[in-house]
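User: I would like to learn how to read a structure. Could we go through some features one by one?

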Amino acid sequence: MNGTQRTAEDLQRVAREHLWMHFSRMGSYGADAEIPIIAGGDGCYVTDQHGKRYLDALAGLFAVQIGYGHGEEIGQAALEQMRELPFYTVWGYGHPRAIELASEISALSHGERSRVFFTSGGSEAVDTAWKMARQYHTLRGERRWKAISRDVAYHGTTMGALSINGVPALREPFEPLVPSVARVSNTNSFRRPDGESEQEFAAFLLDELERTILREGPSTIAMVIMEPVQNSGGAFTAPAGYWAGVRELCDRYGILLCADEVITGFGRIGEWFASQRYDIKPDLMTMAKGLSSAYASIGAVAASESVMEPFTEQGAVFAHGITFGGHPVAAAIALKNLEIMRREALIPRVRANEQAFRATLEQLAELPIVGDIRGAGYFWAIELVADKDTRTTFTAEESEWLLRGFLSHRMYDAGLICRADDRGDPVIQLSPPLIAGQPEFDRIVAILGEVLLEAQQRMLTTSAAAS
Ligand code: PLP
């Protein structure tokens, strides 16, 4: 029996008994709290098990670039691949779809990262990049093992990726983790002193990065890993001059630079890769999510020829592999996804709509609870504040009530899926499918406007009652 044949009640019961949801407070689904069950999708919308529609302003998890309406076409590509070759491995073999997809990714990165190692998702891609960087140095006669990442950055949950993560609450339950990760500040300009210029901010960050490299010992550092626009903490873009400076420091100290493009890749920022928009020139690029629009589980690390070089020496082997890496059906789906993205001109669409999206969101800027609206492309965050003038954030209790006790439920009840997140300061994250346009931007703002106003009023009432 599949899910659509069960009654709604039955599905709820079975979900409670058997489905262990990720990052979920499983104890909170009692008799009066339903597990939200998404049963269908079309365009920018998903439908729950009762038939209610929601605008998915998070694109699954920053992933469904083409929206939910291409199941037939992608399913046909999957079916054809199933008929031709349902599975083969890339351990010591090639197969047509993995070869074609590797060549596509290389072409999309303008040939600058032309060697593609497949994984089944983003965390595996980050682990792979770190191992690749370590072995790259070893093969060149240097023992370098450390990584540098940024505060509050999320890079995944497998032990290597988790160790790189800059979110303490995610790391702590699993410590000790893989040692030897140093962290530097992220590019949160909202919390910088008034009047500081972008150049001054960039100089501060680069000075800190260099001091961290020197403190850790340059000859021990394998890789610097950063997202072109950092998601966790809320769509932090970098100040002018930052990326050129990071690249220069990596070159000066012989460190590989990895751009984690798991979210920012495949059009989210208005280029195939955000590294192109910001001219980052990374040695390694991790990707997943949008590569297949999440229609299949596939990720990759794309490496430059110079990273590949020591691995092509006689007898050298990258001692790493994943059974499902480059799975032919997933690769066929990713290829079809890229074809659809091109056909529907989604990358130019994001560029063309970026200002309209920003301008629509800025209608919310008047609300006292809205401290900052920031981002790029189709990737935005709204930072919520207790006091707009002083930029004071909420206490931990207020934030808990605001995000989990109120906003998440109210937005969902109002038919909007986006994320209320407090891995850094409290933000609402927006990342709709790349097929979204003005009607969706308007709907996001209409719902958020009402819900945020209500949150603000409730917080005022609660603090008045407490005083
Ligand atoms: N890197 C970044 C920047 C991410 O945002 C994520 C997931 O959200 C990951 C890595 C991990 O990807 P996955 O969840 O596919 O393992």
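User: Which residue just after H5 takes a positive phi?

Analyst: This is a predicted model, and the residue is Gly-141, with a phi of about 85°.

User: How many residues does helix H5 have, and what does it reach from its first C-alpha to its last?

Analyst: A helix span is compared with an expected value at 1.5 Å a residue. H5 covers residues 122-139, which is 18 residues, and reaches 25 Å, close to the expected 26 Å.

User: Is H5 largely enclosed by the rest of the structure, or largely exposed?

Analyst: A residue is buried when its relative accessible area is under 20%. In H5, 13 of the 18 residues are buried, so the helix is largely enclosed by the rest of the structure.

User: How many disulfides does a search of the whole structure find?

Analyst: A disulfide needs two cysteine sulfur atoms within 2.5 Å. The search finds zero. For Cys-250, the nearest cysteine sulfur belongs to Cys-258 and is 10 Å away. Cys-250 is also buried, at 1% relative accessibility. For Cys-418, the nearest is the sulfur of Cys-44, 14 Å away. Cys-418 counts as buried too, at 13%.

User: Where is Ser-149 found, and which residues does it touch?

Analyst: Ser-149 lies in strand E5, residues 146-150, and is buried, with a relative accessible area of 0%. Leaving out residues up to four places away in sequence, Ser-149 touches His-155, Ile-164, Val-181, Ala-182, Arg-183, Val-184 and Ile-225.

User: How many residues apart in sequence are Ser-149 and Asn-186?

Analyst: They are 37 residues apart in sequence, and their C-alpha atoms are 8.8 Å apart in space.

Note on methods
Residues numbered from 1 in each chain as written. Predicted model: local features only at pLDDT ≥ 70, side-chain atom pairs only at ≥ 80, totals over all residues. Heavy atoms only, no water. Buried < 20%, exposed > 50% of the residue type's maximum accessible area, 1.4 Å probe, protein only. Helix = DSSP H or I, 4+ residues; strand = E, 2+ residues; numbered from the N terminus. Contact = heavy atoms within 4.5 Å. Expected span 1.5 Å × (residues − 1).
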